[in-house]
Amino acid sequence: MSQLAQSLQSSPQRIFITGASGCIGHYVLENLLEHSHHELFLLLRHPDKLQLDISQQPRVHILQGDIREIDQFANLLGTIDTAILIATSWGGAPAIYDINVTANLKLMELLDPDRIKQVLYFSTASILDRQNQPLKEAGNVSFDYIRSKYQCHQKLKDLAIYPKITTLFPTLVFGGDTNKPYSHISSGLTEVTKWIDLIRFFSAEGTLHFIHAQDVATMVTYLIAHPPTQDDCRELVLGNSALAVDEAVTAVSHYLGRSIYFRIPLSQRLIDFFIKLFKVRLEDWDHFCLKYRHFTYQNPLTPSSLGLDNYCTTVADLFQATGIESKQRKTR
């Protein structure tokens, strides 16, 4: 029996999942199929986007529908033990607010407060400051995705089931393979390899965290079996230890067999020059990020925090998981 399976000895539950057709959703579904015996109800607007073969999985039920019409599943939601809410919209207003705020809150209102064991609600670490508190700028920006996530998080405390909500704040999410869609950032790794010969000679101030979707799924499966207690924190940042941008570039360069002989500091003046040169259009959130730079958080979690094995801990792990070949041995 695997290390994860040994930690997940619990009675089968009825689990409702949104966003199973996305990157994180695919990993969560696969992990639950492999390491649990739960009955799974997947709300999918487009079931054909699900790349995993569930044809031989009688405990998986496909519910074709739009989360904005969640009322049609009210009776079912009253029988659910755990809800995993991953679905999100990246589109513009007003649809993004209808999905990311109104529909998610409505779904949680339809759950039975006496039956539901836990809601695992996916937000984003971008709406938190360095002390894991709501970042006020996130609630005022014109970037609808960030603002909608901020608004939903602010309204969670008004729900009857609030004490049973575990909010997950993923940092930069990598993931994707032959039977799972790639995350937005993983799909850009091949572009990094094309530009590394230029990028490696610049030094940029900034700090970040990252997490692979496989590690997110491992933690989700664990949390279903081990919900936080009343005294535990129920707002969890998911990510590896903080990594400086220059450290990340060094790791990528080393992995791809490139040497760094010097670095030119990217001052704000130089950044502004490149923005004008390449006619880059920036919104207010982009400008804020360029000034804020250090997106770091307190006590980020990975599977190892829970006594389990990590899938990706280093930058090299991420590139290897994406299928990009290391060229370290070719370095001279």
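Trainee: Which backbone nitrogen does the side chain of Asp-81 reach?
Mentor: Keep in mind that this is a predicted model. Asp-81 sits in the loop between α3 (74-77) and β4 (82-85). At 2.8 Å, its side chain reaches the backbone nitrogen of Arg-14.

Trainee: Is Asp-81 buried or exposed?
Mentor: Let's look at who surrounds it first. Leaving out residues up to four places away in sequence, Asp-81 touches Gln-13, Arg-14, Arg-115, Ile-116, Lys-117 and Gln-118. Its relative accessible area is 9%, and buried means under 20%, so Asp-81 is buried.

Trainee: How far apart in space are Asp-81 and Ile-116, C-alpha to C-alpha?
Mentor: Along the sequence, the two are 35 residues apart. In space, though, the C-alpha to C-alpha distance between Asp-81 and Ile-116 is 4.5 Å.

Trainee: Okay, salt bridges now! Which residue forms one with Asp-66?
Mentor: The structure holds 13 salt bridges. In this one, the closest N and O atoms are 3.6 Å apart. The pair links distant parts of the chain, with Asp-66 in the loop between β3 (60-64) and α3 and its partner in the loop between β2 (39-44) and β3. Asp-66 counts as buried at 15% relative accessibility, and its partner is Arg-45.

Trainee: What separates Glu-191 and Lys-194 in helix α6?
Mentor: Their side chains meet in a salt bridge, 3.2 Å from N to O. Glu-191 counts as partly exposed at 37% relative accessibility, while Lys-194 counts as exposed at 59%. Because they are three residues apart in helix α6 (residues 189-199), they are separated by about one helical turn.

How values were computed:
Residues are numbered from 1 along each chain as its sequence is written. This is a predicted model: local features need pLDDT of at least 70, side-chain atom pairs count only at pLDDT 80 or more; totals for chains, interfaces and linings use all residues. Side-chain values use heavy atoms; hydrogens and water are left out. Helices (H or I, at least four residues) and strands (E, at least two) are DSSP runs, numbered from the N terminus. Buried means under 20% relative accessible area, exposed over 50%, partly exposed in between (1.4 Å probe, protein chains only). Contact means heavy atoms within 4.5 Å. A polar contact is a pair of N or O atoms within 3.5 Å; within protein, one must be able to donate a hydrogen and the other to accept it, and residues adjacent in sequence count only if both atoms are side-chain atoms. A salt bridge is a side-chain nitrogen of Lys or Arg within 4 Å of a carboxyl oxygen of Asp or Glu.
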